[in-house]
Amino acid sequence: MTQFTLHSIESAPEESKALLADSLKTIGMIPNLHAVMAEAPGLLDGYKYMTSLVQKSSFNAEEVTVLWQTINVEHGCHYCVPAHTAIAHMMKVDTQLIDALRNAEPLKNPKLQALHEMILAIVRQRGQVKQEQVDSFFSAGYQKQQLLEIVLGVSHKIMSNYVNHMAETPLDEAFLPFAWEKPAQ
Amino acid sequence: MTKFILHNVDTAPEGSKLLLEDSIKHFGMIPNLHAVMAESPQLLDAYQFMTDKVLKSSFNAEEVTVLWLTIDVEHGCHYCVPAHTAIAYQMQVKSELIQSLLKGKILKNPKLEVLRQLTLSVIRERGKVGKKTNR
């Protein structure tokens, strides 16, 4: 494992200082993921900006949770699954939905299940999805805008999931209650 | 194939209009990729933002070319490979390097070859690199 520095505002490269100060202000702490990413200011800046863009997308809180957690669970991200469990609870998402996503179980809501399946197809097939997969996504009530927004979410989570794999980012105390391991397939 | 609209500034959703104008300012045209992405203002915004971040990263023109073209070729992207070939030539990257990347051949410069190999590993192993055991 490559040893990464968990940067503070003091230790971070010059261009990451303001970004970490912003994390501290908006989240009340510097999540260890941001502390690791700070080593590359462009990555941290990109990650934070894309977080805000996903939140401004056409997806509601439940859909954003499905988007983020489906990718996190599929990539087996030991850090992002707990972090996004905490975020989903803060967004008042139904506990049953949160747990189903964490356990990689089918979702009861058929529209959310269609979203979940489209996300998995895009991740597993690296964007080369079949027409019938897209058709069933559209017939659930989604449109091209949402298809593109899944690509936004995948790009966003690749940044955090891959960094957490490389750095084995330690869980922040706030996320410890939601510690997670990939369920056996 | 899903039929996407190739948006222009007039047809694009409100949130994409300024972004497409910005594309015209930078490229002298709206690349069709941006025209498609415009259907989701957030995706187009993110893509333009990240392009800028990669260009401002610690990588020089050759390294950025290795990064982008290695990924484009590995993903088999019929659009991005030609687009980034053009961009690489604009950045005065040597033709020999560009051609090797297009063919997926080993790069002569050992440092760039290491970068190419790590880029490939990150994609193929989905970020699970440098670990003794799989989690």
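This is a predicted model: local features need pLDDT of at least 70, side-chain atom pairs count only at pLDDT 80 or more; totals for chains, interfaces and linings use all residues.
Trainee: Into which domains is chain A divided, and how many Å separate their centres?

Mentor: Chain A is divided into domain 1, covering 14-54, and domain 2, covering 59-178. Taken over C-alpha atoms, the centres of domain 1 of chain A and domain 2 of chain A are separated by 21 Å.

Trainee: Which element gives the largest share of the side of domain 1 of chain A that touches domain 2 of chain A?

Mentor: Between the two domains, 13 residues of domain 1 of chain A are in contact with 16 residues of domain 2 of chain A. On the domain 1 side, the elements that give two or more residues are helix H2 (32-37) and helix H3 (41-55) of chain A. The largest share, 7 residues, comes from H3(A).

Trainee: What percentage of the residues in chain B is buried?

Mentor: The secondary structure of chain B comes to 7 helices and 0 strands, and its C-alpha atoms fill a box of roughly 50 × 40 × 30 Å along the principal axes. Counting a residue as buried if 20 or more other C-beta atoms lie within 10 Å of its own, the buried share of the 135 residues in chain B is 27%.

Key:
Residues are numbered from 1 along each chain as its sequence is written. Chains are lettered from A and ligands numbered from 1 in the order in which they are written. Domain bounds come from an automatic or database domain assignment. Two residues are in contact if their C-beta atoms, placed from the backbone, lie within 7 Å. Helices (H or I, at least four residues) and strands (E, at least two) are DSSP runs, numbered from the N terminus. A residue is buried if 20 or more other C-beta atoms lie within 10 Å of its own, exposed if 12 or fewer, and partly exposed in between; C-beta atoms are placed from the backbone.
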